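Here is a short note on the model you sent. Please read the points with the structure open.

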Amino acid sequence: MSTRFESAGFSTRRFRAEREDDWAAFETLLARLERGSTRNLTTDQLLELPVLYRAVLSSLSIARATSLDAALLDYLEGLATRGYFAVYGARASRWTRIGAFFRVRWPAAVRAVGWETVVIALLITLGMVTSALLVLRDPAWFGAFVPEALAGGRTPDATRQFLATTIFERQTDGLHSFATSLFTHNSQVSILSFALGFAFGVPTLMLEFYQGLSLGAMVAVFADKGLGVAFAGWLSIHGTTELFAAALSGAAGLHIGRAMLFPGDADRLTAAAAAGRRAGVVMVGVILMLLIAGLLEGIGRQLITDTATRFAIGGTLLLGWLTYFYTPRRGRAR
Amino acid sequence: MAAIETPALPRARRTDHRTRRPVVTPEGVPLNLFIGSAGMRLAALIIDLLIMVLVLVLGAFFVNWLGVSINAATVPSLLMLFAFAVRNFYFIGFETGPRAATPGKRLVGLRVVARDGGRLTNEAVVARNLMRELEMFLPLTFLGVSETGDMLEGWATGAGLLWALSLSLFLLFNRDRMRVGDVIAGTWVVETHRRKLAHDLSTAALDATVPAFSDSELALYGEYELMELERVLRRGDTEQMREVADTIRDKMGRDPVGDDTDFLHAYYTALKSRLERGLLFGKRRADKHSAG
């Protein structure tokens, strides 16, 4: 039997003609959805979306089983894949998500890295004590702990008066940019200490210890001139938040490192991904904390020059963070 | 965008199975994702970095202009904050969007997806991009340090650079082309697959001068060859079409006469029709070597 024209049975031509409109309609909706949010669609279009999506999937299934038109299969596969991500990638409204993040997910993630946070906090403290003792005994150590650029003249050789001005004077414009550079530097170090967690957490530990070292050296410089308490006050107003954020980012990194070293029952890749996602939640929060710390540093420290008030603010914030993160609450975790 | 629209050639039956990652939708339909190649990733990254530099330069001009008209002394602070924001939030900002891709990725035709086929969460995007600190910026810092002349320091820097690079090039050493950031975020970067629906070749008007094909002539080839033939027809290269037409005619024992395009069109239509009828009866013929 010779075949010149398509005979009875499946006809790609008819198949296309019957469904092409649906595909085009779905494509239009997709394009609109991809350009922004679901708000770009009317209610009718929203209701239509899953229907059209399933129509495309069914077209694909039929075409795969019955058609050998490569162009058609290719097109449908592409459309179905795009649709899959658009339909299943859709999330709850932004406000719901933000609400859930602050109510449940962030504190839960922070608690999940609890042990790591304790380790990092101890390590920072150890670094501070070490360098403070060393610098108090021999000021020459200072250069080893604090790079010149970050010291900004606050060295053991500086006069008491100069040191006092860095704490109590309203910042001049030059100091303003110095404060900004400290903030961006510290934030970048926090992010780096998270990223270094991938190398089984070891460089994270080193970096956090080093952060403790440079902080301790600074404390020693001021304490040596009898400004220890004042410096602590100056530091605490934003430092409690910033140091907490630094510790949390280190803990998040360590969490990943730990999951990769000891994946438990899961395989290493799955364990790393799960830990990475928890750490990601922590890090979203850490970035927020760093921004808050930056604001406190830029504004609060300028306006409030009284040591007691500074302590009060810093202490309140620390207490606030601790309560927020660690008070047990009825879990509505999803 | 040109890179996405030009290839009208289908590649549904791509021979490259090494980059294919099937995902089954909740409706039970398997879809194929294709892992983006290292070259595409590099191209996307270069585009993104160029855009970042451009944004930084334009932003610097803007901040400078703003600063001069308000308060010149705040310019350095503002610049630092701006650079900080661009460095850390460029990738995160774009990849949390509905397309899950930076402009560079979109241009090259890539997007980020969750490895488990579920939705791509914000924290996964944050995790995978904060890791860039380790992969992109850490090697750069080692490069910066290496200018001090000290021998021991030189070795230490070299070792550090090597270690940092091994993390940067991690992507080359796994089949899924995952960066370190992808590993810990549980993500893949896959090709987006955006194509116009090409016209149906078998509906093209058939030339009656081509003699009908006998059953044995149609039994020569299978699905693979049909798809290849479709590719040849869509490309429309006369040289190639002559070659293919001659090969087919030779196998049939026909004389190499007549118009190649008409012949191939007619054969494509007839072969496709025959194979599709086979499909309806549950018979698949993968290629010319399998039994028909």
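How many salt bridges are there between chain A and chain B?

1. The count is three salt bridges between chain A and chain B (a Lys or Arg side-chain nitrogen within 4 Å of an Asp or Glu carboxyl oxygen). One of them joins Arg234(B) and Asp69(A), at 3.8 Å from N to O.

2. This is a predicted model: local features need pLDDT of at least 70, side-chain atom pairs count only at pLDDT 80 or more, and totals for chains, interfaces and linings use all residues. Side-chain values use heavy atoms, without hydrogens or water.

3. Chain A contributes 77 residues to the contact and chain B 88 residues (contact: heavy atoms within 4.5 Å). About 7,000 Å² is buried between the two chains, 63% of it on carbon and sulfur atoms. Buried area is the accessible area (1.4 Å probe) lost on putting two parts together, summed over both.

4. On the chain A side that touches chain B, α1 (12-35), α2 (43-66), α3 (70-88), α4 (94-112), α9 (173-195) and α12 (268-303) each supply at least two residues. Helices are DSSP runs (H or I, at least four residues), numbered from the N terminus. The largest share, 14 residues, comes from α3(A).

5. Confidence next. Chain A averages a pLDDT of 84, and 90% of the residues score at least 70 (pLDDT: the predictor's confidence in each residue, from 0 to 100). Residues 1-9 of chain A fall below 50. That stretch has 28 contacts in the model beyond near neighbours in sequence.

Notes:
Residues are numbered from 1 along each chain as its sequence is written. Chains are lettered from A and ligands numbered from 1 in the order in which they are written.
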